[in-house]
Amino acid sequence: TNQYSITLLPGDGIGPEIMDVTVKVLEAVGKQCDIKFNFQTALIGGAAIDAKGVPLTPETVETCLKSDSVLLAAIGGYKWDNLPRELRPETGLLGIRAALELFANLRPATILPQLIDASSLKKEVVEGVDIMVVRELTGGIYFGQPKGIFTSETGEQRGVNTMAYTVSEIDRIARVAFETAQKRQKRLCSVDKANVLDVSQLWRDRLIKMSEEYPDVELTHMYVDNAAMQLVRNPKQFDTIVTGNLFGDILSDAAAMLTGSIGMLPSASLGANRPGLFEPVHGSAPDIAGQDKANPLAQVLSAAMMLRYGLNEPEAATKIEEAVLKVLDLGYRTGDIMSEGAKAVGCQEMGKVLLQVLE
Ligand code: NAD
Ligand code: IPM
Ligand code: MN
């Protein structure tokens with residue numbers, strides 16, 4: 001029996017609802033594949049603010065560092081939106097990413113044939129889309145110094161963030177991107193704003209330099225504004241995309257909609273020699289929280305990514321992915337992916353059919 005210690009961070013909003021379903025799925029798959037999960041739950045985001053006064057405690061960081069993998073749902077909500085920056089749920093999320101040095105965020109956007117009608121784009125445009133966004137996650141404008149709201153000598157306030165990347169930060173994410181592309185269609189598109197930003201020029205120069213080491217990967221470059229347009233115009237032109245923290249945040253939400261719903265998209269955040277963290281691309285969806293309406297599949301598929309990329313249990317990962325496809329084949333749909341004639345289910349019910357299909 002392989003044993004793993006997993007830290008669960010359910011967080012806020014729909015987080016606990018989708019985590020609940022996912023833990024049951026993991027336990028069912030564990031039984032079949034002879035894997036034992038030792039789960040411990042820790043606080044993050046608004047839940048941590050309410051219990052401990054801060055969005056990320058040293059105990060949570062400690063617990064995550066000691067585990068084999070971390071599974072996060074989502075953080076945030078209206079209740080905490082007006083707190084000072086250092087006390088906001090989002091700061092807790094950035095804090096755990098930094099503490100675990102999770103510099104590489106893999107966000108796949110694959111269109112499932114079953115969901116082609118759920119996309120807001122035409123069938124011909126999205127059919128066959130299979131994109132991997134490699135987003136830099138612990139640098140760029142999210143973390144650059146100086147940052148803050150400062151008051152100048154004239155008394156006027158000035159908000160500042162700094163988009164900065166060092167060569168070593170660029171090189172390590174570039175390497176992950178080239179290696180990811182190598183295992184896919186071997187086409188890597190680096191997205192930047194090198195026509196305006198110096199930080200992007202350095203980014204581009206380093207990508208070009210590293211491409212010498214990967215002659216089998218075709219490297220292209222695209223400005224981020226054009227990339228946003230091309231993603232909705234002709235998404236099939238993309239295989240692997242590599243980009244900085246902010247551009248990756250925005251483009252991965254856009255890519256999510258190609259596949260029908262952000263409620264379907266998982267992600268893996270990986271670092272060096274630390275446990276990986278696995279989380280859906282979406283947030284805490286406060287508009288539907290507590291109503292049993294959330295789509296748990298992005299969370300369930302994040303657990304599959306955990307098995308594949310974090311724990312090296314590909315067989316168990318495949319079992320989960322196949323169960324998700326089967327449930328969709330059987331016509332079960334939460335509200336976000338609903339289509340005519342499908343069977344409407346809530347979050348818990350979706351979990352139940354997943355378990356039935358697994359057994
Ligand atoms: P969101 O992703 O939470 O929601 C956007 C829209 O998508 C909403 O209409 C929501 O109902 C819907 N949606 C999202 N996930 C869904 C699911 N699983 N099933 C069905 N529908 C789903 O983004 P937002 O509204 O901009 O942000 C809400 C809060 O979440 C904010 O506090 C934000 O900071 C936070 N957030 C957290 C994360 C994270 O924890 N990784 C990511 C994004 C946003
Ligand atoms: C995401 C989210 C986060 C981000 C926020 C909540 C800090 O939007 O994971 O995509 O911007 O990285
Ligand atoms: Mn985001």
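The secondary structure of the protein chain consists of twelve helices and 14 strands; helices (H or I, at least four residues) and strands (E, at least two) are DSSP runs, numbered from the N terminus. The model is a predicted one, in which local features need pLDDT of at least 70 and side-chain atom pairs count only at pLDDT 80 or more, while totals for chains, interfaces and linings use all residues. Residues are numbered from 1 along each chain as its sequence is written, and chains are lettered from A and ligands numbered from 1 in the order in which they are written.

The C-alpha trace spans about 60 × 50 × 40 Å along its principal axes. Of the 359 residues, 46% count as buried, meaning that 20 or more other C-beta atoms lie within 10 Å of the residue's own; exposed stands for 12 or fewer, partly exposed for values in between, and C-beta atoms are placed from the backbone. Among contacts (C-beta atoms within 7 Å) between residues at least 6 apart in sequence, 74% join residues at least 24 apart.

I turn to the helix pair. The axes of α1 (residues 15-33) and α11 (residues 314-329) come within 10 Å and cross at roughly 130°. Axes here are lines fitted to C-alpha atoms, for helices over the stretch in contact, and angles run from 0 to 180 degrees between N-to-C directions. That angle makes α1 oblique to α11, the class left once angles under 35 degrees (roughly parallel), over 145 (roughly antiparallel) and 65 to 115 (roughly perpendicular) are set aside. Which residues meet? V25, V29, Q32 and C33 in α1 meet E315, A316, K319 and I320 in α11.

Finally, the backbone. The peptide bond from Q145 to P146 is cis, with omega near -5°, and P146 lies in strand β6 (residues 144-151). D34, a residue other than glycine, has a positive phi near 60°; D34 sits in the loop between α1 and β2 (35-41) and is exposed, with 9 other C-beta atoms within 10 Å. K186, likewise not a glycine, has a positive phi of about 65°. K186 belongs to the loop between α6 (167-182) and β8 (187-192) and counts as partly exposed, with 14 C-beta neighbours inside 10 Å.

Terms used:
Contact = placed C-beta atoms within 7 Å.
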